[in-house]
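Please read it alongside the sequence and the coordinates.

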Amino acid sequence: MIALEIIRENPEKIKQRYKNRGKDVDFAELLELDKQRREKTKVVEEMKARRNKASSEVPVLKKQGKDVSSVVKEMKELGESIAKLDGELAELTEKINYILLCLPNLPDEDLLAGGKENNTPIYTFGKKPEFKGFTPKNHVELCKDLGLIDYERGAKLAGNGAWIYTGDGARLEWALLSFFIDEHVKDGFEFMLLPHMLNYECGLGAGQFPKFEDDVYWIDSKSKTSKFLLPTAETALVNLYRGEILKENELPKKFAGYTPCYRREAGSYRAEERGMIRGHQFNKVEMVMYTAKDKSDEAFEYLVKKAQSLVEKLGLHYQLVKLAAGDCSDSMCRTYDVELWIPSMNIYKECSSVSNARDYQARRSSMKYRDSKTGKTEFLHTLNGSGLATSRIIPAIVEQFQNADGTVTIPEVLRKYMGGQTLLTKKN
RNA sequence: GGAGGUUUGGCUGAGCGGUCGAAAGCGGCGGUCUUGAAAACCGUUGAUGUGAGAGCAUCCUGGGGUUCGAAUCCCUAAGCCUCCGCCA
């Protein structure tokens, strides 16, 4: 949620910044509602002040044995007017909040305007592997041949978009998760295992609701009291301090949470995205940071470096991409993606997305800290980054590290989690 | 699933339908004392909105109701606790 004040102060400027996102917004209605609310608030508050004053006088008058019936009658009428206005105010407030909750975050001003086409690669690590003397297989073939993944039986159990990690595949997946978690713990992140079913407020606070209410799996029917399966651990981690005020010296907070991510991904299927690139459930370790308002830029760079280092330690060829304003997700001011090279698809595929939400999420769920110098409360800044999404990594590993004989070399950092195993080989 | 209890400020915990934004203690902050610290003592200490400010309004888990007036009474939802039942 962005602050209503900044719209009130300079609607044209804010409009322009949304334009970079490719969003045309019109604040006329919002500003009109805001104006009405402010005017009405003033009136009701005056009425309430009168009522409060009279109410405190009643017991005094009674004690003096005076007749209070005329005051009581007058206050009854006043009370009715107050109730009516309060109702109107509640309605106005609800409308205003709904509009505000639906507005995306403001993209940082240094971002290129426009969508995907204006994303800018800013760093590359490693090289595209060359496959000499053999035709490389794609990850679906490799995963099947090496017995890492059972697509057919996955579909049998849970339908399209589901798969089963089997044998070495399950071990490799688990090794990746363990490796990431160990790296985060080493860097001072607190490791978290979170509930997977969350309440509505979590979705709202993270900025995913109300817009993406239909993109998640609801446990019961969609309602404010039902729960949904989290689409990313961010949804949980970013709500930890809802309604709380932290001390500045507690900051920054660094968390790493592992959860499966559950997504409907409705209608997004394409043949080329077969196998693990996009599924209804995938594994991810998520990093989330809470910082003071002047520390989030620094934290952002730190998280980007961390995501990069994980992929580099695996030895995978990737590029780092600075997203254009229109490609950043709605809740975020800026986003960098780490994209892995998938040889068979001849493209780079995202495996980590690092973003700075600044105070957008904190405002939605009122997460604050007390500034140690001024003593005032300020909204926290929240940042998140995948560290990393494993379903995108196994395809990259098997494709990039495949050998002429059909085996795959296991990245060195993962071997200790797999009993020292160095190669993925065909079984029987 | 059934029955009962409970929810007050950073924490513990008082709170009679009216002067309660809320006692007291702890904690925090500032000060006195001290070479310094601790102890002791003194003072101070919730949030949000609005206003230049004095102030005014709102907030005692959320929502609704009764009343001239609600932290206090009623209904309801949620959280927590206890007991009973059921069960991979």
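## A covered strand and its sheet

Strand β10 (residues 318-322) is mostly covered, with 4 of its 5 residues buried. Here a residue is called buried if 20 or more other C-beta atoms lie within 10 Å of its own, exposed if 12 or fewer do, and partly exposed in between, with C-beta atoms placed from the backbone. Helices (H or I, at least four residues) and strands (E, at least two) are DSSP runs numbered from the N terminus. This is a predicted model, in which local features need pLDDT of at least 70 and side-chain atom pairs count only at pLDDT 80 or more, while totals for chains, interfaces and linings use all residues. Residues are numbered from 1 along each chain as its sequence is written, and chains are lettered from A and ligands numbered from 1 in the order in which they are written.

Strand β10 belongs to an open sheet of 8 strands, whose order is β1-β10-β11-β12-β15-β9-β8-β4 and whose pairing is mixed. Because β1 and β4 (190-193) stand at the edges, each with a single partner strand, one side of each is left without a neighbour in the sheet. From one strand to the next the twist averages 25°, where axes are lines fitted to C-alpha atoms, for helices over the stretch in contact, and angles run from 0 to 180 degrees between N-to-C directions. Helix α7 packs on this sheet, touching β4, β8 (253-262), β9 and β15, and its direction makes about 5° with that of β9. Helix α10 (residues 296-314) also packs on the sheet, where it touches β1, β9, β10, β11, β12 and β15, and its direction makes about 5° with that of β15.

Several pairings of this sheet are listed below; two strands pair if DSSP finds at least two bridges between them.

| Strands | Sense and bridges | One bridge pair |
|---|---|---|
| β1 (residues 120-125) and β10 | antiparallel, 5 bridges | Phe125 and Tyr318 |
| β10 and β11 | antiparallel, 5 bridges | Leu320 and Val338 |
| β12 and β15 | antiparallel, 4 bridges | Arg358 and Thr382 |

Gly387 has its place in strand β15, and it is buried, with 28 other C-beta atoms within 10 Å. Leaving aside residues up to four places away in sequence, Gly387 touches Phe180, His184, Ala256, Val285, Glu286, Met287, Lys306, Ala307, Leu310 and Ser352, a contact being two C-beta atoms, placed from the backbone, that lie within 7 Å. The C-alpha atoms of Gly387 and Asn119, which are 268 residues apart along the chain, are separated by 21 Å.

Helix α12 (residues 393-400) is mostly covered as well, since 8 of its 8 residues are buried, among them Ile393, Pro395, Val398 and Gln400. The buried residues of α12 pack against α5 (139-145), α7 (168-186), β11 (334-342), β12 (347-358), β15 (381-389) and β16 (408-409).

## A second sheet

An open sheet of 3 strands has the order β7-β13-β14, again with mixed pairing. Because β7 (245-247) and β14 (377-379) stand at the edges with a single partner strand each, one side of each is left without a neighbour in the sheet. Neighbouring strands of this sheet are turned by 40° against each other on average, direction ignored. Strand β13 (residues 368-370) pairs with β14 in the antiparallel sense over 3 bridges, and Lys368 stands opposite Phe379 in β14.

## Domains and the surface near RNA

Chain A is divided into domain 1 (26-102) and domain 2 (116-424), with bounds that come from an automatic or database domain assignment. The C-alpha centres of domain 1 and domain 2 lie 49 Å apart.

Around RNA strand B there are 14 residues, of which Ala49, Asn52, Met75, Lys76 and Gly79 come nearest; a residue is near a molecule or strand if its C-beta atom, placed from the backbone, lies within 6 Å of it. Both α3 (28-63) and α4 (69-102) supply at least two residues of this surface, and α3 gives the most, with 8 residues. By class, the surface near RNA strand B has 5 nonpolar, 6 polar and 3 charged residues, where Ala, Val, Leu, Ile, Met, Phe, Trp, Tyr, Cys and Pro count as nonpolar, Asp, Glu, Lys and Arg as charged, and the others, Gly among them, as polar.
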